[in-house]
Amino acid sequence: MVETTSCDVTMHGLSHFLPPIVDRAALQTRIFSSQCSTSDQELLALRALWNSRQPINKLPMELLVDVLMNLPTNPGAEGTEKPTNSAQWHKAMAVCRHWRAVVVSTPSFWRTINTGQLSRWLGLALSRTGQANLCLMFRSTPVLVQALPLLVPQRHRIERLEFTCSTASAVGKLGPLISVPLPSMEEFTMCGQEGPPSLDPSDAEIFDFQPENFPALVKLKLTRVNLSWTGTLPSRLRTLDLRGCSIRPSSSSFDALLGTLRSGHNLEELTLHDFMSATCSSLDPPSDQVRISCTLVTLPRLRKLEVSDAPSWIAQFLSHVNLPTQGKVSLTGLFDVADLDGSSLSHSCLLPQNPDVLTFLRLATGATLIMMDNLYGIACTTPAPLSVSFLLRARSPRALWMQRLDAGLKHFTTLLRAAPLSVLDVQCDLARVASEVLDAALDAFPLLRSLGIASSVFGPDPFPTRLCGSLCTHAPLGEGAAEGTDAEKRAPQSRVRCPALETLRLHRVRWEDGAFVGALAECLREREQRDAPRLGRLEISTSRSAEVDWRDVDTRISGILAPMVDVYEFSPTAW
């Protein structure tokens, strides 16, 4: 019996693709030769066909490893009590002995270790990691403390460490692992005990963070940790995330914090939650919060900034730190009951004394305003692209701030009056906004192409009837109109507000009896008569009873509004 090799079988399978007269031995040599030109399209096709006919158990080991490493992730793996990697390679071990041998002998499969509550998983995984760097995640402090004899000898290989300290005393016990040189550490995440930090320094364990111990550190995330930290940031640090942390045993100055930030030349993401008020001894006097360009902190690579603290600390931060020109910025001022007693709480308390120095306010092309009880927010976007949001909100439900919506809308209009806004979204109860204030806000932004308004009140609601009345009229130009803003000078001349409007979005409209439809139709007719361009898109969302058959009504409304715009979209929801 003649033995047939896989090579012979494959060549036989290729025979019907080949011309009748061909030197098959020479062709086989060409297929396996690495010297042949890869630009030969016929040869590339033959090689691809050859590979496609090879059995899966003939895959080279490096290709099999690559396939198994890219298996779909298990979304429920992290945070469970089962010791598992995020990938599903462990299931591949049950396919055959060969695959199991490949997984067991490849350190890359074992270097990411999530222990959960099972410490025995750690010993097994470490024994199979070889000399690969380690990514360690611990959800249980006792398991981490128990594992120290295994981890301390391997600390030079730890690339990522994520753990939780459920008790203050655990920080001291972990000193042999986290307060020593860690030359391979790139990501360090530490979460302290739940609840407010101890006010007595003697009762709090302090994490002695020394940047020189982390020469390769790229990402540092600390939550509710008492720090002993002076000096500079690690030179390679790209992400700094500090939430509810404080400097112990004594407070630092704001100038010291600025000095630390100045060393973050490679920072791309910066998050500070309740850090300045807990760390810095006192605020600068208002007279010292004047921005001097030569002393401002500039982080050239910063693309994501997230800061939340008391409003006065946000204002101080903006007075001393340049915002990035691209990326995403989120600034949140948190006020409490004590802040409501005086006059310090206002729509402008998040901003420096001279908000004109914030250049994005003059460059914004899109903006969103949200005004609700205990919440005031402004979000802006620029073409850079840069997204900036300011949010003033209560820290607890006990702090009730009944803001004046007229003052909030006036503040928004003043801040962004010089901006060439083309997109504007407003969410507030228009029933509490004076008509003249709404008219002035729309007059301030004549370049608007997209306008979205959302309102929700109890009882009779003048929205959107009041908005329709504003959109189909225009205040007469005064003597000083020629000296208006650049946006006003570039706006098309028209006898209606928002003359460039293309999209109108009305959300959370109270259905009542559908009376707003007549006002809306009259607004569109009036704008057309006043030579305003035809509306390109009209979107309406409303809530109404689900027990009524509205199909005939919807058909009638669509017959009225749809012919007046290019695209009409109506989205009703049930009560």
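Analyst: Let's settle one word before anything else: a residue is buried if its relative accessible area is under 20%, exposed if over 50%, and partly exposed in between, using a 1.4 Å probe on protein chains only. This is a predicted model, so local features are taken only at pLDDT of at least 70 and side-chain atom pairs only at 80 or more, while totals for chains, interfaces and linings use all residues. Residues are numbered from 1 along each chain as its sequence is written, and side-chain values use heavy atoms, with hydrogens and water left out.

Now the rings. Phe, Tyr and Trp rings (the six-membered one for Trp) count as a pair when their centres lie within 6.5 Å; planes under 30 degrees apart are stacked, over 60 edge-to-face, and the rest tilted. The structure holds 8 such pairs. One of them is Phe163 with Phe188, an edge-to-face pair at 5.7 Å centre to centre and 80° between the planes. That pair ties together distant parts of the chain, 25 residues apart: Phe163 sits in strand E3 (158–164) and Phe188 in strand E4 (187–191). Strands (E, at least two residues) and helices (H or I, at least four) are DSSP runs numbered from the N terminus. Both of these Phe residues are buried.

Phe209 and Phe214 make a stacked pair, at 5.2 Å centre to centre with 25° between the planes, and both are buried too. Bring in Phe207, and ring pairs link Phe163, Phe188, Phe207, Phe209 and Phe214 into a cluster.

Contact means heavy atoms within 4.5 Å; leaving aside neighbours within four places in sequence, Phe188 contacts Leu161, Phe163, Ile178, Phe207, Phe214, Leu217, Lys219, Leu220, Lys221 and Leu222. Phe188 also figures in the largest nonpolar core, where a core is a set of buried Ala, Val, Leu, Ile, Met, Phe, Trp, Tyr and Cys residues joined through side-chain atoms within 4.5 Å. That core has 145 residues, and Phe188 and Leu416 touch the most other members. Helix H20 (516–529) gives the most to this core, with 6 residues.

One more ring, this time with a charge: the charged end of Arg128 sits over the ring of Trp110, 4.6 Å from its centre. The test there is NZ of Lys or CZ of Arg within 6 Å of the ring centre and within 35 degrees of the ring normal.

Widening out, here's a helix. H4 (61–69) has Leu64, Val65 and Leu68 as its buried residues. Seen down the axis, they fall within an arc of 100°, so they line one face of H4; the arc is taken from the directions from the helix axis to the C-beta atoms. These buried residues pack against helix H5 (89–92) and helix H6 (97–105).

The protein averages 81, and 79% of the residues score at least 70.

Notes:
pLDDT is the predictor's confidence in each residue, from 0 to 100.
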